[in-house]
Amino acid sequence: MSKVMIIGCGGVASVAIHKCCQNSEVFSEIMIASRTLSKCDALKEKLAPTTKTIITTAKVDADCTEELIALIKQYQPDAVLNLALPYQDLTIMDACLACKVPYIDTANYEAENTDDPAWRAIYEKRCEELGFSAYFDYSWQWAYMDRFKEAGITGLLGTGFDPGVTSVFAAYAQKHYFDEIHTIDILDCNGGDHGYPFATNFNPEINLREVSAPGSYWENGHWVEIPPMSIKREYNFDEVGEKDMYLLHHEEIEALAKNIPGVKRIRFFMTFGQSYLTHMKCLENVGLLSTTPITFNGQQIVPIQFLKELLPDPSTLGPRTVGKTNIGCIFTGIKDGKERSIYIYNVCDHQECYREVESQAISYTTGVPAMIGTMMVVNGLWNKPGIYTTDEFDPDPYMEALNKWGLPWKVVENPVLVD
Ligand code: NDP
C-alpha cells in the first residue's frame, strides 16, 4: 500500500498511471499533478471505473519549487515520480528534499535555456573536463547525494527503458553472468511505423535535442566524441529484422562507466531510417532545432518549441503505429577465466501496447519501468538514502517485475557482436 504523486500527464505518464492502476495493491492511492489539469482529470475519469487505486488530480507548475512543496505537504505522498520534462528535475528534487520524500525520474537534468550565461559557464567547464558536449549529464543531480543522504531519502534516477532497464540489464549481467564485463553495446531499435512523414516517439523537443547532439562513447577510461550520426552500423534485430543504427551519446553510459568495474568500452546505438535523418538535417539547417529565442511578429519564440507545436503529439501515435521495438544490451567479458558474450533484450509490439494502455511502445517501454522503479522504492526493496541510478541496486526483483508487468526479456548466449 502506498501513496504516490506523479508529476506530468503526457505520453510516458499516461502509461505509468495505467500500470499503477493495474497494480492497486502497491499503488493504493495516486495523485496526477500536471500543468494542464484537464488532461489529468480526463485520465482519472477513464481509469477510475477500472481500478481500486484512488486517484486524485491537481494542477501544478513543476518549475516552481514552492508550489510543489505546498502540494506535497498537502497530499503527503510516500514518493514523487517525476514524468514531466528533464527541465523540471531539479525543482522537483528540491521539493522532495524539503519535504523528505523519495524522488524518482526517467531522464537526467537538462537546462531549458541553454543560453543562460550561469548555466553555460558550468556546461563549458564540464565539456572541457569530461570530453562530451551533450546538454544533459548527471553532475547536476549527483550533486544532491549528500543532501539526500542527510535527509534519509532515496533518489532513483533514470528508471525508463534506456536509461533504466538497460542499466538493470547491466547489473543483472554483472551479478549472474560475468566476473568482469569488458564491453557494453546498448542497442535501441524501433521497427515501428506510424505512417507520418516525420514524427518523434516522445517529447519532440527533448528527442530532437538528444539525437542531433554529437555522438560519444566511453573507451579506456575517457569519452570519445564524434560528429552527430557519423558512426553507422547494421544489425539484424530479433523479430524486427535488419536496421541501420547510429552511435549516439546517451546518459546511462555515464553511470555505467562509473559503476561497472573494469569496463573498457560502452556504446549506445539507435536505429533511424534515412527519411527521419533527412528531415532532421533539413530542420536543423533551417534553424528549427535551435533553442535560442527569436523575435517573430513582436513576440519571442523558441524555434524548437514552435516545431513541437507543428509535429504530431507522440501520445496520439498509438492507434497508427505498427511493428515492434527491440531494446537491449550486448555484454562481453570474462566468466571463470573464459571469454563470454550475452545479449539481454526485450521485444515490444506497438499494437499490443495500444490495445492494453492506448499508447505506442516507446511510451510503454518507458512508463512500465517508471512504475516498476517506483514500486521498488515504495516497497522498500530499493531503499538507499542518496542519489542512485538503476544499476546500483539488486537487479533481481526488478527483472522479475519486468516479466510480470509487460516487458519480458530474453538472454541469448554468443550473439552477433557489433564491430
Ligand atoms: P510529454 O511532453 O508527452 O509529457 C510531459 C508532461 O509534463 C506533459 O503532461 C506536460 O504538461 C508536463 N509538464 C511539462 N512542463 C511542466 C511543468 N512546468 N509543470 C507541470 N507539468 C509540466 O513527454 P513524454 O511523456 O514523452 O516524456 C516524459 C519524460 O520521459 C521526459 O523527461 C522524457 O525525457 C522521458 N523519457 C525517458 C525515456 C527513457 O527510456 N528513459 C524514453 C522516453 C521519454 P502539458 O500536458 O501541459 O504539456
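**Close-up views of a predicted model**

**View 1. The region spanning residues 160–406.** An unreviewed UniProt entry annotates residues 160–406 as "domain: Saccharopine dehydrogenase-like C-terminal".

**View 2. The crossing of helices H9 and H12.** Helix H9 comprises residues 204–211 and helix H12 residues 303–310; their axes come within 9 Å and cross at roughly 120°. The two helices are therefore oblique to each other, and the crossing of H9 past H12 is right-handed. On the H9 side, the contact is made by Pro204, Glu205, Leu208 and Arg209, while H12 contributes Ile304, Gln305, Leu307 and Lys308. Of these contact residues, four are nonpolar, one is polar and three are charged.

**View 3. The cis peptide bond between Asp162 and Pro163.** The bond that joins Asp162 to Pro163 is cis, with an omega of about 10°. Pro163 belongs to the loop that links strand E6 (154–157) with helix H8 (165–176).

**View 4. Asn220, a residue with positive phi.** Asn220 is not glycine, yet its phi is positive, near 50°. The residue sits in the loop between strand E8 (215–219) and strand E9 (222–226). Asn220 counts as exposed because its relative accessibility is 58%, above the cut-off of 50%.

**View 5. Glu358, a residue with positive phi.** For Glu358, also a residue other than glycine, phi is near 60°. Glu358 is placed in the loop between helix H13 (350–357) and helix H14 (361–378). With a relative accessibility of 43%, Glu358 counts as partly exposed.

Note on methods
Residues are numbered from 1 along each chain as its sequence is written. This is a predicted model: local features need pLDDT of at least 70, side-chain atom pairs count only at pLDDT 80 or more; totals for chains, interfaces and linings use all residues. Side-chain values use heavy atoms; hydrogens and water are left out. Axes are lines fitted to C-alpha atoms, for helices over the stretch in contact, and angles run from 0 to 180 degrees between N-to-C directions. Helices (H or I, at least four residues) and strands (E, at least two) are DSSP runs, numbered from the N terminus. Angles under 35 degrees count as roughly parallel, over 145 as roughly antiparallel, 65 to 115 as roughly perpendicular and the rest as oblique. A crossing is left-handed if the near helix is turned anticlockwise from the far one by less than a right angle, and right-handed if clockwise. Contact means heavy atoms within 4.5 Å. Ala, Val, Leu, Ile, Met, Phe, Trp, Tyr, Cys and Pro count as nonpolar, Asp, Glu, Lys and Arg as charged, and the others, Gly among them, as polar. UniProt positions are given in the numbering used here, feature names are shortened, and annotations may be inferred rather than shown by experiment. Buried means under 20% relative accessible area, exposed over 50%, partly exposed in between (1.4 Å probe, protein chains only).
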